[in-house]
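Here's a quick briefing to read with the structure open beside you. Take it topic by topic and find each spot as you go.

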Amino acid sequence: MRYGIVIDTENCMECYNCFMACKDEHCGFTTAVSAPQPHTGQHWIRIDGKERGNDTRKIKASNVAVLCAHCQDAPCLKAAKGGAVYARPDGIVIIDPKKAEGQKEIVSACPIGAIFWNEELNLPQKCTMCAHLLDEGYATPRCVEACPNGTLYFGDLDDPESAVSKKLREADRVTPLKELGDIKTNVAYLNIPTVFLAGSVYLPDDEAAEGALVTLTERGSGKKREVNTNYFGDWEFEWLTPGADYDILVEMPGYNPFSCAAKADTDRFVDEIVLSLC
């Protein structure tokens, strides 16, 4: 058995239910695997939010929930002395609340900033994946239980029929946090945004061109993606190759094709395109 969490960032709406559930479980309470979490100053799960877009005509937000990745070859474990950090047989990485006392170097060893220093207790602390609850027979950690939007999934990564294994198997984009490099982890990320290109298409009378076909071709690789404009004439392509050059072709029956180019160097609204009659 290897417990893990899968985080589908595409579904996160920054409601902070996961954060509050973690606080409710750990603030002021000692568990079998952790000292109490302070009420302020620590976030064992956080939401990294980002406003995206270079133009007010297309602004969107992305939210990435970040918690201890429970690394399979954990940097914090390597930095710890005297068994202060250990990996359980089920893969959960735990900071021993007694042995880790005074070992501040454990905090700086984490590449994603998921370990915090408790000044009052002189102790590093982090997410335990609610190991104390799992040991009592609970089905999921509190953060997963509290998520209302299908962002967090929990289960046995070694079981091909578990919710997490199925989610990973069906995923189009498994996108690890870049700060983790090649470290293998028991927390996996899906759909972390890269860069988007977007635009709008109109007819000569300023009516939105619903249903126009927009084809995006990546130069060099030749990879193509297609989408139809929505009711408002808008189109968007997400998860593009950062820095790549793209050719855009807009087609609609009865109208001349329109083509342009764009670079995915930032989240970009390309243009408001007006089609002309054939």
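Two strands count as paired if DSSP finds at least two bridges between them. Helices (H or I, at least four residues) and strands (E, at least two) are DSSP runs, numbered from the N terminus. What you're looking at is a predicted model, where local features need pLDDT of at least 70 and side-chain atom pairs count only at pLDDT 80 or more, while totals for chains, interfaces and linings use all residues. Residues are numbered from 1 along each chain as its sequence is written, and side-chain values use heavy atoms, with hydrogens and water left out.

**An open sheet**

- Let's start with an open sheet of 3 strands, in the order β13-β10-β16, with mixed pairing.
- β13 (234–237) and β16 (268–274) sit at the edges with a single partner strand each, so one side of each has no neighbour in the sheet.
- As background, strands of a sheet pair through backbone hydrogen bonds, either parallel or antiparallel.
- β10 (residues 197–202) pairs with β16 in the parallel sense, over 5 bridges.
- Along that pairing, Val-201 stands opposite Ile-273 in β16, and Leu-197 stands opposite Arg-268 in β16.
- β10 and β13 run antiparallel and are joined by 4 bridges; Ala-198 has Glu-236 in β13 as its bridge partner.
- β10 is largely enclosed by the rest of the structure, because 5 of its 6 residues are buried. Buried means under 20% relative accessible area, exposed over 50%, and partly exposed in between (1.4 Å probe, protein chains only).

**Helix α1**

- The buried residues of α1 (residues 17–26) are Cys-18, Ala-21, Cys-22, Lys-23, Glu-25 and His-26.
- Among the elements covering those buried residues are β2 (45–55), α4 (131–135), α5 (142–146) and β8 (152–156).
- Just after α1 comes Gly-28, with a positive phi of about 80°.

**Cysteines**

- How many disulfides does the structure hold? The count is 0, where a disulfide is a pair of cysteine sulfur atoms within 2.5 Å.
- Cys-12 is in no disulfide, and its nearest cysteine sulfur, that of Cys-18, is 6.6 Å away. Cys-12 is buried, at a relative accessible area of 15%.
- For Cys-22, the closest cysteine sulfur is in Cys-130, and at 6.6 Å that's too far for a bond. Cys-22 counts as buried too, with 10% relative accessibility.

**Nonpolar cores**

- A nonpolar core is a set of buried Ala, Val, Leu, Ile, Met, Phe, Trp, Tyr and Cys residues joined through side-chain atoms within 4.5 Å.
- The largest one has 48 residues, and those with the most contacts inside it are Ile-5, Ile-106 and Tyr-189.
- Strand β3 (residues 58–67) gives this core its largest share, 4 residues.
- A second, separate core has 22 residues, including Val-195, Ala-212, Ala-244 and Val-270.
- Ile-5 is in contact (heavy atoms within 4.5 Å) with residues including Leu-67, Met-129, Phe-154 and Val-187.

- Most residues other than glycine have a negative phi.
- Asn-122 isn't a glycine, yet has a positive phi of about 55°. Asn-122 lies in the loop between β6 (116–118) and β7 (123–125), and is partly exposed at 33% relative accessible area.
- Trp-239 isn't a glycine either, and has a positive phi of about 60°. Look for Trp-239 in the loop between β13 and β14 (245–251).

Conventions. Lists of a residue's contacts leave out its neighbours within four places in sequence.
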